[in-house]
Amino acid sequence: AGVAEEALAAALATLVGSFDQVPPAFSAKHVGGRRLYEFARRGEAVVRAAVPVTVHALDLLAHRGDEVEILVRCSPGTYVRALARDLGERLGAGGHLTALRRTRSGAFDLQGAVPGDDLTDALPSLLPLSALLLDLPAVRVGDAGRALLVHGRELGKGVVLDGFPES
């Protein structure tokens, strides 16, 4: 039977915009120092706080019976699995993903992507570090800052020689 096209379009429209989203039970989000999936695997209930997200667009690409294919354009931190769950709830049918493919992340898209199997052959065409994270400020550190970075620690103003953001 499947879902009526009009009901599907209406349900998709309710998921576009800015709203608070409850993360999936099986996610890596931390609660009380533990990841949600750890609680879920043990069958332990835990309050999952909603987080603000923005869905810029949900485009319906295909609709076959009870399966839909959509293109999602959303803010970082949006759980696409939770969008499927929420869409299913709105339709009164339940919902889950059967496939997920990220086609863009920030400035990076599939045009510049290299399959994992081809990394050795693609080494000459990989982007240099200087071409990455252009929206973050460059900083210069001395020995103290280098020691913090090696251990993945946050840099404070006192260890950055220059380039520390003022705000």
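**Group meeting: pockets and a few residues**

Okay, let's start with strand β5, which gives the most to the lining of the largest pocket, with 8 residues. Before I go on, keep in mind that this is a predicted model.

So, that pocket. The largest pocket comes out at a volume of about 1,400 Å³. Its lining runs to 40 residues, and the ones nearest the centre are Ile70, Val72, Val80, Leu97 and Leu100. Which elements supply at least two residues each to this lining? Those are β4, β5 at 67-74, α3 at 80-91 and β6 at 104-105. If you sort the lining of the largest pocket by class, you get 20 nonpolar, 12 polar and 8 charged residues.

Next, the second largest pocket. There we have about 240 Å³ of space. By class, the second largest pocket is lined by 8 nonpolar, 2 polar and 1 charged residues.

Now two single residues. Take Ser27 to begin with. You'll find Ser27 in the loop between β1, residues 17-21, and β2, residues 30-31. Is Ser27 buried or exposed? Ser27 counts as buried, because its relative accessible area is 2%, and the cut-off for buried is under 20%. Leaving out residues up to four places away in sequence, Ser27 touches Arg35, Leu36 and Tyr37, and also Tyr79 and Arg81.

Pro52 is my other pick. This one is in strand β4, which covers residues 51-64. Pro52 has a relative accessible area of 68%, so it is classed as exposed; the cut-off there is over 50%. What does Pro52 contact, once its neighbours within four places in sequence are set aside? Phe19 and Asp20. And for a sense of distance, pick Asp118, which is 66 residues from Pro52 along the chain: the C-alpha atoms of the two are 37 Å apart.

How many aromatic pairs turn up in a search of the whole structure? The search finds 0. There is a charge over a ring to show you, though: the charged end of Arg34 sits over the ring of Phe39, at 4.0 Å from the ring centre.

Notes
Residues are numbered from 1 along each chain as its sequence is written. This is a predicted model: local features need pLDDT of at least 70, side-chain atom pairs count only at pLDDT 80 or more; totals for chains, interfaces and linings use all residues. Side-chain values use heavy atoms; hydrogens and water are left out. Rings of Phe, Tyr and Trp (its six-membered ring) pair if their centres lie within 6.5 Å; planes under 30 degrees apart count as stacked, over 60 as edge-to-face and the rest as tilted. A charge sits over a ring if NZ of Lys or CZ of Arg is within 6 Å of the ring centre and within 35 degrees of the ring normal. Helices (H or I, at least four residues) and strands (E, at least two) are DSSP runs, numbered from the N terminus. Buried means under 20% relative accessible area, exposed over 50%, partly exposed in between (1.4 Å probe, protein chains only). Contact means heavy atoms within 4.5 Å. On a 1 Å grid over the protein atoms alone, a cavity is a set of points where a 1.4 Å probe fits but cannot get out, and a pocket is an open set with protein on both sides within 12 Å along at least five of seven lines; lining residues have an atom within 4 Å of a point. Grid points are joined across faces, edges and corners, and a volume is the space filled by probe spheres set on the points. Ala, Val, Leu, Ile, Met, Phe, Trp, Tyr, Cys and Pro count as nonpolar, Asp, Glu, Lys and Arg as charged, and the others, Gly among them, as polar.
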